[in-house]
Amino acid sequence: MSSGHIVKSFDEELEGVRNTIVEMGGLAESQLEAAVRSLSERNTELALKTIEADKAVDELEHKVDNMAIRLLALRSPVADDLRLVISALKIASLLERVADYATNISKRVIALNLAPSIAPISSIPRMGEMVRRMIDDTLTAYSTGDADLALDVWTRDQEVDQLYNSMFRELLTFMMEDPRSITSCTHLIFMAKNIERIGDHMTNIAEIIIYQVSGEMPKDPRPKGDKTSMTMIEPKDS
Amino acid sequence: MNVQIQAEKSANAGMDVAEEFVIETRNVDVFYGDNHAIKGVSLNIPKHQVTALIGPSGCGKSTYLRCLNRMNDTIEGCRVEGEILLDGLDIYASGVDEVLLRARVGMVFQKPNPFPKSIYDNVAYGPRIHGLAANKDELDDIVLTSLERAGLLKEVQDRLHSMGTGLSGGQQQRLCIARALAVRPEIILMDEPCSALDPIATAKVEELIDELKENYTIIIVTHSMQQAARVSQKTAFFHLGDVVESGPTEKVFTSPEDERTQGYITGRFG
């Protein structure tokens with residue numbers, strides 16, 4: 001039913017939760033973008049700013065928690081209202097993790113910038129942009145209640161995983177060829193992993209959005225493409 | 001939405017298989033003169049469960065409830081059409097004894113209405129008129145068991161011969177439930193049984209409803225959505241004389257199928 005609640009302040013409180021989630025998501029998205037940009041630009045200052053910005057996301061998570069607890073205690077929400085409140089709690093916690101990953105990438109950028117650039121970073125900005133678009137679409141799906149768009153994000157994660165797999169292999173090969181690059185490449189692998197995890201979290205959020213909108217979870221098993229945990233590269237001459 | 005969705009219908013499907021219906025109603029229409037109060041309601045009441053009937057004022061839920069033990073017969077100009085089967089037999093068929101029917105399908109009302117008699121006599125009243133006890137001992141047994149089942153015995157056992165009207169509101173309501181239980185009903189209809197009670201008395205009645213469902217089928221009309229959610233296993237949402245949606249309470253309160261149900265239970269109606 002599209003009409004509002006008879007008690008208007010209830011609507012305002014639910015709207016407040018929704019807006020805070022979108023605000024959190026927006027911050028997390030720009031933090032990822034800034035973290036990846038600080039890598040391509042070798043910009044330590046931007047990386048430091050990105051780390052600092054994490055606090056704002058943490059505070060918003062607390063805000064969502066408090067608003068949700070208040071709504072549960074005072075409004076006893078049911079049906080779609082209940083699904084919105086429970087979903088907000090879960091999504092806020094996932095977005096907070098997303099911002100943490102962006103912070104971790106920024107810390108590694110600062111470490112990388114201490115040494116001359118020798119490792120290939122080209123795939124990271126590509127992965128970063130792919131996942132940034134996933135965040136953007138997830139937030140659009142959330143704010144418009146678009147389950148189809150959420151499902152699209154949900155299936156898109158596999159592309160990120162594939163890119164991560166190839167990047168993992170590329171960096172391993174690079175390290176074997178030039179052991180001086182091991183420190184940098186290891187940082188890059190962790191960065192790529194962080195971005196890949198953000199993609200996973202968007203898949204989680206997409207599922208939550210589908211549940212929030214329809215009351216039911218997606219039936220198909222979650223698409224998983226990260227095979228790096230089983231990847232081995234043998235030295236050529238062994 | 002083009003996603004294959006896992007319909008969490010296991011609870012629902014399980015109920016359909018295992019459910020045994022004690023009351024089946026088919027295309028029930030009720031008219032008060034020209035007013036068409038209930039429009040072709042078909043609803044089944046599962047045995048030994050609590051079914052909650054919810055809906056805005058004037059939606060027909062109380063009218064429907066009163067059809068189930070023919071209380072509507074006492075209202076002039078009221079006409080009931082359709083089939084209402086109790087254990088497979090039509091309760092509106094000719095030759096059905098309404099008094100016996102109302103013993104099988106007991107009723108508890110919104111306002112506690114004990115007789116102006118002693119606690120003992122309130123509960124003994126039904127067994128006496130139905131001849132359920134052969135002697136004083138048997139009658140004592142029925143009275144004490146009924147009070148015990150209604151969760152009231154401990155509070156009144158040393159004053160069984162005081163006036164029932166002297167009890168607190170919550171105790172009076174449980175006395176009325178004991179009175180209904182004394183004639184060994186299969187089904188208990190409750191029309192807003194807690195609306196005149198404070199939260200503690202309400203909690204006691206709700207706890208009692210939960211215990212009673214082991215042995216009785218309960219149908220409760222309530223304006224409190226939270227109460228419906230707390231006490232019932234099945235919920236039916238009435239609107240403008242029709243059942244818009246009925247199903248497992250958990251489903252109705254987490255993801256109702258009909259927008260009108262969602263609008264009502266979330267407080268968007270009107």
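Reader: Is B:E24 buried, exposed or partly exposed?
Author: This is a predicted model, and in it B:E24 counts as partly exposed, at 22% relative accessibility.

Reader: What does the side chain of B:E24 meet?
Author: B:E24 meets the side chain of B:R26 in a salt bridge, at 3.2 Å from N to O. B:R26 is partly exposed, with a relative accessible area of 38%.

Reader: Which strand does β2 of chain B join, and how do the two run?
Author: Strand β2 (residues 21–32) of chain B is joined by eight bridges to strand β3 (residues 35–46) of chain B, and the two run antiparallel. B:F21 stands opposite B:P46 in β3(B).

Reader: And how many residues lie between the strands of that hairpin?
Author: There are two residues between β2(B) and β3(B), and in this hairpin B:G33 takes a positive phi near 60°.

Reader: Back to charges. How many salt bridges are there over all chains?
Author: The count is 33 salt bridges over all chains. One of them joins A:E29 to A:R132, with the closest N and O atoms 2.6 Å apart. That pair links distant parts of the chain, since A:E29 is in helix α1 (residues 8–40) of chain A and A:R132 is in helix α4 (residues 123–144) of chain A, 103 residues apart.

Reader: Are A:E29 and A:R132 buried or exposed?
Author: A:E29 counts as buried at 10% relative accessibility, and A:R132 counts as buried at 19%.

Reader: What about B:E257, which residue is its salt-bridge partner?
Author: B:E257 forms a salt bridge with B:K251, the closest N and O atoms being 3.5 Å apart. B:E257 counts as exposed, at 59% relative accessibility, whereas B:K251 counts as buried, at 16%.

Reader: Which residues do salt bridges with shared partners join into one network?
Author: The network consists of A:E29, A:E129, A:R132 and A:R133.

Reader: Let us turn to the rings. How many aromatic pairs does the structure hold?
Author: The structure holds four aromatic pairs over all chains. Among them is the pair of A:Y164 and A:F168, which is tilted, with 6.2 Å from centre to centre and 50° between the planes.

Reader: How far apart are A:Y164 and A:F168 in their helix?
Author: They are four residues apart in helix α5 (residues 147–177) of chain A, and so are separated by about one helical turn. A:Y164 is buried, with a relative accessible area of 3%, and A:F168 counts as buried at 14%.

Reader: Why does the pair of B:F237 and B:Y264 count as stacked?
Author: The pair is stacked because the ring planes of B:F237 and B:Y264 lie at 20°, and planes under 30 degrees apart count as stacked. The ring centres are 5.1 Å apart. B:F237 lies in strand β10 (residues 234–239) of chain B and B:Y264 in helix α11 (residues 259–265) of chain B, so the pair ties together parts that are 27 residues apart in sequence. Both B:F237 and B:Y264 are buried.

Reader: Which ring face does B:R79 lie over?
Author: B:R79 lies over the face of B:F31, at 4.2 Å from the ring centre. B:R179 lies over the face of B:F115, at 4.2 Å from the ring centre.

Reader: Finally, how many residues does each chain bring to the contact?
Author: Chain A brings 24 residues and chain B brings 22 residues. Between them the chains bury about 2100 Å², of which 54% is on carbon and sulfur atoms.

Reader: And how many salt bridges are counted between chain A and chain B?
Author: The count is two salt bridges. A:D81 forms a salt bridge with B:R268, with the closest N and O atoms 2.7 Å apart.

How values were computed:
Residues numbered from 1 in each chain as written. Chains lettered and ligands numbered in written order. Predicted model: local features only at pLDDT ≥ 70, side-chain atom pairs only at ≥ 80, totals over all residues. Heavy atoms only, no water. Pairing = 2+ DSSP bridges. Phe/Tyr/Trp six-rings, centres within 6.5 Å; stacked < 30°, edge-to-face > 60°. Buried < 20%, exposed > 50% of the residue type's maximum accessible area, 1.4 Å probe, protein only. Lys NZ or Arg CZ within 6 Å of the ring centre and 35° of its normal. Contact = heavy atoms within 4.5 Å. Buried area = accessible area lost by both parts, 1.4 Å probe. Salt bridge = Lys/Arg side-chain N within 4 Å of Asp/Glu carboxyl O.
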